[in-house]
Amino acid sequence: MEFTLHKTMASTNAVRQVARLLDNRAQVLFHEGRFEEAIEAAGAGITSARCQYKEKDADSLRHLLDAILVAADIERQTGLRDAGESLYLEALKLAWADQVVQPQIAFVEAGLGSLHEERGENEEAARYYESAVKALDAVAHPAPEVAEECGSLRNNLAMIYKEKGDYQAAEAHLVSAIERMESVCGRDHPTTATLYGNLSALYCTVDHYEKAREMATLARDIRHRILPANHPENAQSLYSLGAIHYALDNLDAAVGCYEMALEAMDSNEEIDPEEYQTVLANYIGLLRQRGEEEKAEQILQQALDRASGNQNAE
């Protein structure tokens, strides 16, 4: 009997390994832009996971939920939202029926929230996001990916509440997300920087520019420590901080930020040209406002010469 038992376990593990390979393959294909193949591989992953699924067996249930979530996410992100919704709801029904522990249910609810937000159904999206956040917050010792997921969900909620004009709720979600991220992942994390940046933007919306400057400075400092100097997010942080300094009438500080943002952009060929033109136009406008007309014209001419050179190169 002991031999048979071990043989059965080995067989089950082999099935699970095949199923997980199918899930991984689906994700790789999706990121490579091979969407039809990704959908097919995700479907094969679900079929494999169903074959090993047993009621009240936590491990097989977790894997089946993972397989369904991979497929649902791919369907949703390729525009097949109805098919994705059906899979999310199937996963949610399975999870509740088997009384699966968190954070499995939260990940399903997060997917449903994203789907409804993409449809413009923000009330329904917020309902799923709030439920998912509540579940993830209840995890006593969250892994970094759980804290990051919770931070992303709170960020989504903040954007929804900001759009509704409920700035207090938006602020509460961003502050909570920052506190959780810093306690689990530390301050120097891309998600933490994004949260500080969005909290700064929220404060700008309600004209709390001193608070906005403080949050934008934190976002800039984090990105300066963890990203290359010419990374687009570094440039964006500098430009945002410059705009806040301008609103506070700190024109010298604003000019400095714009100059550093443009320097970062100049050394990165992947910068969005429209974003570059926006920063450049604001910088030139600020120089003119300060009476530095000659310098403004010089910068403008340099930009025109650069653009002309790029066109000739093409």
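**Helix packing and nonpolar cores**

In this predicted model, helix α4 passes α5 in a left-handed crossing. On the α4 side, the contact is made by R81, G84, E85, Y88, L89, A91, L92, A95 and W96. On the α5 side, I105, V108, E109, G111, L112, L115, H116 and E118 take part. These residues divide into ten nonpolar, three polar and four charged. Helix α4 spans residues 81–97, and α5 spans residues 104–118. Their axes lie 9 Å apart, at an angle of about 155 degrees. Angles over 145 degrees count as roughly antiparallel. The helices α4 and α5 are therefore roughly antiparallel to each other.

A second pair is formed by α6 (residues 122–137) and α7 (residues 144–164). Their axes come within 9 Å and cross at roughly 145 degrees. Here too the crossing is left-handed. Residues of α6 in the contact include A125, Y129, V133 and L136. From α7, the contact includes V146, L153, L157 and I160. By class, this contact has twelve nonpolar, two polar and seven charged residues.

The largest nonpolar core holds 37 residues. Within this core, L153 and L199 touch the most other members. Helices α5, α6, α7, α8 (167–184), α9 (190–205), α10 (209–226) and α11 (232–247) each supply at least two residues. Helix α7 gives the most, with eight residues. Beyond its neighbours within four places in sequence, L199 is in contact with E171, L174, V175, I178 and M215. Another core lies apart from the largest one. This other core has 29 residues, among them L64, A67, I74 and I105.

Conventions
Residues numbered from 1 in each chain as written. Predicted model: local features only at pLDDT ≥ 70, side-chain atom pairs only at ≥ 80, totals over all residues. Heavy atoms only, no water. Axes fitted to C-alpha atoms, helices over the stretch in contact; angles between N-to-C directions. Helix = DSSP H or I, 4+ residues; strand = E, 2+ residues; numbered from the N terminus. Left-handed = near helix turned anticlockwise from the far one by under 90°. Contact = heavy atoms within 4.5 Å. Nonpolar A, V, L, I, M, F, W, Y, C, P; charged D, E, K, R; others polar. Parallel < 35°, antiparallel > 145°, perpendicular 65-115°, else oblique. Core = buried A, V, L, I, M, F, W, Y, C linked by side-chain atoms within 4.5 Å. Buried < 20%, exposed > 50% of the residue type's maximum accessible area, 1.4 Å probe, protein only.
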